[in-house]
Amino acid sequence: MIESGSSVLLVTGERSWEAVSKIRLYSGFFDKYYPTRVSIGTVVPELDNLIEIVKRFRDDKPDAIVAIGGGKIIDSAKVIAGLISCKSGDPVSNISKGVVGDYVPKIVAMPTTAGSGSEATSFAVVYHKGKKMSYNNEKLVPEEVIFSVDAVKMQPRNVLVSSALDATCQAIESIWAISATESSKKMAFESLRTIWRHMKGGLSEDCEAEDLIRAANLSGRAINISKTTGPHALSYGLTMVLDVPHGIAVSLLMSGFLKRHQDLPVMEEICKVIGFPASEAWIEMLQSVKPSLEIVTEEINHDTVEELVSWVNEERMSNNPIPIRKQEICDSFFNIIETVDLIRGSRAIEE
Ligand SMILES: [Fe+2]
């Protein structure tokens with residue numbers, strides 16, 4: 001718990017804050033600590049924006065930084081906490097080297113979505129000058145996590161779907177990741193088994209939010225060890241260039257990877273959970289979940305694919321169980337057109 005009398009910096013989103021702030025669990029917290037609130041209005045955590053916040057609050061030396069929101073907000077809080085603790089050094093180099101100072105303010109995460117599992121990881125995604133960076137340090141794992149079923153249930157359908165797809169993809173990628181361990185695999189399988197029946201059932205209105213929260217947290221703990229792989233590596237450009245929400249972006253790439261990985265021994269166990277052939281089971285799941293697809297497939301052409309390729313995260317790609325050639329990466333992006341058509345139901349699943 002945060003000691004009474006502590007100075008607390010509260011990091012939230014902008015859009016959903018109005019609704020979420022009415023949740024009793026949170027308002028009780030505000031009454032107790034009178035935190036200073038900053039909101040993150042950017043689509044992704046932008047380093048320049050976070051540096052401004054760090055400059056504003058560094059002299060206040062907050063005892064705790066509390067994040068109420070989804071993965072973007074929790075990642076932003078981690079970056080603020082890490083950079084506030086650094087007495088010297090350039091923020092860009094501190095982030096790329098994973099440097100934090102001796103005293104990192106206590107990070108408390110209150111996730112309002114069930115997806116990224118960021119509350120359980122030591123890394124934060126942040127964007128700088130159009131490039132994705134990862135800030136990684138054990139001291140950035142939130143010390144305390146407070147889950148709210150009400151907050152998750154309150155999320156609009158598109159946020160719920162995208163978050164759940166992210167958690168599902170993270171679980172699968174963690175299972176087949178090169179850096180997977182016995183313990184990460186155990187958590188990833190438990191996550192996948194927990195979330196899959198809800199995904200297959202189309203994430204109906206009455207699906208249990210507790211299960212989604214548990215599955216998302218397990219997928220976060222699993223990737224904290226194993227890291228993600230190909231689908232995540234390719235997904236960032238879809239979000240940055242074509243505005244596709246993160247979880248949906250990864251899910252559109254996943255079916256191709258399930259097909260590409262079909263001969264891996266570990267796929268047998270994955271198929272026991274999701275069905276066989278895995279890539280078709282994946283498309284069927286997407287057809288029942290019906291993610292909102294605002295992606296304009298006409299925008300996927302040779303020019304945009306070149307740009308999407310420039311966004312590919314090499315580090316995550318090198319954690320993929322089989323190497324992927326540049327041509328296959330380009331094909332993965334073009335294949336999204338067919339996947340989107342299949343989800344929209346305009347084409348039957350081909351043999
Ligand atoms: Fe993710």
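Residues are numbered from 1 along each chain as its sequence is written. Because the model is predicted, local features need pLDDT of at least 70 and side-chain atom pairs count only at pLDDT 80 or more, while totals for chains, interfaces and linings use all residues.

**Domains**

Select 8-149 and colour it as domain 1, then 156-344 as domain 2; these bounds come from an automatic or database domain assignment. The C-alpha centres of the two domains are 25 Å apart. Their contact takes 14 residues from domain 1 and 20 residues from domain 2 (residues are in contact if their C-beta atoms, placed from the backbone, lie within 7 Å). On the side of domain 1 that touches domain 2 there are 4 nonpolar, 8 polar and 2 charged residues. Here Ala, Val, Leu, Ile, Met, Phe, Trp, Tyr, Cys and Pro count as nonpolar, Asp, Glu, Lys and Arg as charged, and the others, Gly among them, as polar.

**The open sheet**

Next, show the strands β2-β1-β3-β4-β7, which form an open sheet of 5 strands in that order with parallel pairing. Strands (E, at least two residues) and helices (H or I, at least four) are DSSP runs, numbered from the N terminus, and two strands pair if DSSP finds at least two bridges between them. Select 36-39 for β2 and 144-145 for β7: these are the edges, each with a single partner strand, so one side of each has no neighbour in the sheet.

**The hairpin**

Move to residues 123-128 (β5) and 131-136 (β6), which pair in the antiparallel sense over 6 bridges. Pick Val126 and its bridge partner in β6, Met133. The two strands form a hairpin with 2 residues between them, and Lys129 in the turn has a positive phi of about 45 degrees.

**Helices α3 and α4**

Finally, select 47-57 (α3) and 71-85 (α4), whose axes come within 9 Å and cross at roughly 50 degrees. Axes are lines fitted to C-alpha atoms, for helices over the stretch in contact, and angles run from 0 to 180 degrees between N-to-C directions. The helices are therefore oblique to each other (under 35 degrees is roughly parallel, over 145 roughly antiparallel, 65 to 115 roughly perpendicular and the rest oblique). Show side chains for Leu50, Ile51, Ile53, Val54 and Phe57 of α3 and Ser76, Val79, Ile80, Leu83 and Ile84 of α4, which make the contact. By class, this contact has 9 nonpolar, 1 polar and no charged residues.

Terms used
Contact = placed C-beta atoms within 7 Å.
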